Structures are given as C-alpha cells and as structure tokens.
Amino acid sequence: MQYTTLGRTGLKVSVAAMGCGGSSCLGLTRGHSVVQCAGIIHRAVDLGVNLIDTAKSYGTEPVVGAALKMMPRDSVVISTKQKVTEGKTLLSAAQVVAALDDSLRVLGTDYVDIFFLHTVLPDAYGHAVREIAPALLREKEKGKFRLDRKSTRLNSSHVSESRMPSSA
C-alpha cells in the first residue's frame, strides 16, 4: 500500500480509504451482520488501508466500533461526521456536540481523528460557522477529535471541504 500525508495535517494515510457509506453500507443494507461487515474493515486494514470514513447517517459507526475492538486504535485514522440540519431544522451546537459524544460511544473510542460537519448547505453555513464551530473547537481542545473540517454542498455537482475557522 502507498501512503501520503493528508494535506497539511501531518496524518499519514493510505492512498486508498475504506468508505463505509454508499448503497451497501459495508453490507449492512444487504442483510449482513455487524461481525461480517467488520470483517470487511479488517481485510482492508490487513491490505494496508488505514483511513476509515464513517458517519452516523450511514449507520456504520457500530461496524467500525466492532472492528476497532480487534485492532490497536492508533493503527487507523477514523473520520466521522454529523449533519448540521435535521430536515429543514438547524441543529444547535449542543445537539452536534451530543452527536459527537454519541459517535465516540458507538465507535468505542475516546477520540476520532477527523470530525466533519456533513453536507453544510449554503443557507446553513453561517449557523455552522457562528454557532457550531466554536462549540466543536472547545470539544477539540478536550481531545475528542484531532482535525476539524466541514463538507459543503455548493450545488448538486460541486462539493468542497475546508477547515473550520478558529474563531467566529
């Protein structure tokens, strides 16, 4: 497996990542058990993959958590994410922090390497920057995650990623 440094983060990651979303969600939507799906992650790690991307909305955090129980935590880079809206309702900073805490519990770890704000639409961007980012930066200071990012859907054909601002 080849490895690279993830941008300016200093994280050494495999050039291939284990994406846990998609139509099959590691096989969960095809009726496979959590143990069977965790086996897919183990096989990827055996092949040298060390970047695992999941999300609460994918429903695969329990699978990643099961896989993590069988490997050293520092052998993989875990990325998860949380949306800032539920339908058309903006989530509060407290709700997003609670979702981070829930992800940590489900993953069975005390930190994730990367925490994304997922699918931040243009009309929610200001709320994410003013309200949610400062609360998440406080959680980062507590060691709950190493890197902070937001994924922004600008329109149906363009998605970008950028660092959350350090101040509102």
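**Rings, charges and a pocket**

Guide: R73 lies over the face of Y111, at 4.1 Å from the ring centre. Before we go on, this is a predicted model, with local features needing pLDDT of at least 70, side-chain atom pairs pLDDT 80 or more, and lining totals using all residues. Residues are numbered from 1 along each chain, and side-chain values use heavy atoms, without hydrogens and water.

Visitor: What makes a charge sit over a ring?
Guide: NZ of Lys or CZ of Arg must be within 6 Å of the ring centre and within 35 degrees of the ring normal. K12 also lies over a face, that of Y3, at 5.1 Å from the ring centre.

Visitor: Why is the pair of F115 and F145 called tilted?
Guide: Ring centres of Phe, Tyr or Trp (its six-membered ring) must lie within 6.5 Å to pair, with planes under 30 degrees apart stacked, over 60 edge-to-face and the rest tilted. Here the centres are 5.7 Å apart and the planes are at 40 degrees, so the pair is tilted. The structure holds 1 aromatic pair. This pair links distant parts of the chain, as F115 is in strand β8 and F145 in strand β9, 30 residues apart.

Visitor: Are F115 and F145 buried or exposed?
Guide: Both are buried, a term for under 20% relative accessible area, with exposed over 50% and partly exposed in between (1.4 Å probe, protein chains only).

Visitor: Which residues of the second largest pocket's lining count as charged, polar or nonpolar, and how many of each?
Guide: The lining divides into 3 nonpolar, 5 polar and 4 charged residues. Asp, Glu, Lys and Arg count as charged, Ala, Val, Leu, Ile, Met, Phe, Trp, Tyr, Cys and Pro as nonpolar, and the others, Gly among them, as polar. Among the lining residues are K56, K81, K83 and E86.

Definitions and conventions
1 Å grid on protein atoms, 1.4 Å probe; cavity = no way out; pocket = protein on both sides within 12 Å on 5 of 7 lines; lining within 4 Å. Helix = DSSP H or I, 4+ residues; strand = E, 2+ residues; numbered from the N terminus.
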